[in-house]
Amino acid sequence: MFDGRAFRSWGHIIAGACVVAGLFLGIMLMAEEVVGNGARLTRAAVTIALAAFFGYVGTAWIIRLDLSVDEGLGDGTGW
């Protein structure tokens, strides 16, 4: 599904993770607006956004590990 181009530099990885976390935060704020008493920054919203951020970084790490093994770039650590 991914060819790894988006995960070749740390700048792209961090930017992508911030975008994904922002999208999840926006969804959580909209859900708070509909279900709760208004759009408030809650612990649940921050937790979901952080989970999305670290999930994206973890996925990038796995893809970089796979790329380094496939290309034979060293010991396979991806860093």
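## Basis of the model

Because the model is predicted, local features need pLDDT of at least 70 and side-chain atom pairs count only at pLDDT 80 or more, while totals for chains, interfaces and linings use all residues. Residues are numbered from 1 along each chain as its sequence is written, and side-chain values use heavy atoms, with hydrogens and water left out.

## The chain and its helices

The protein chain has two helices and zero strands, where helices (H or I, at least four residues) and strands (E, at least two) are DSSP runs numbered from the N terminus. Helix H1 covers residues 10-35, and helix H2 covers residues 43-71. The end C-alpha atoms of H1 are 37 Å apart, which agrees with the 38 Å that its 26 residues should span at 1.5 Å a residue, the expected span being 1.5 Å times one less than the number of residues.

## Buried residues

Of the 79 residues in the protein chain, 28% are buried, that is, under 20% relative accessible area, with exposed meaning over 50% and partly exposed in between (1.4 Å probe, protein chains only). In H1, the buried residues include Ile13, Gly16, Ala17, Ala21, Met28 and Glu32.

## The nonpolar patch

Val19, Leu23, Phe24 and Ile48 make a nonpolar surface patch of about 370 Å²; nonpolar side chains (Val, Leu, Ile, Met, Phe, Trp, Tyr) are joined within 5 Å, from residues with over 30% relative accessible area and no salt bridge. Helix H1 gives the largest share of this patch, three residues, whereas Ile48 lies in helix H2. Ile48 counts as partly exposed because its relative accessibility is 35%.

Note on methods: Patch = residues over 30% accessible without salt bridge, like charges linked within 9 Å, V, L, I, M, F, W, Y side chains within 5 Å. Areas by Shrake-Rupley, 256 points an atom, 1.4 Å probe, with all protein chains shown as cover. Salt bridge = Lys/Arg side-chain N within 4 Å of Asp/Glu carboxyl O.
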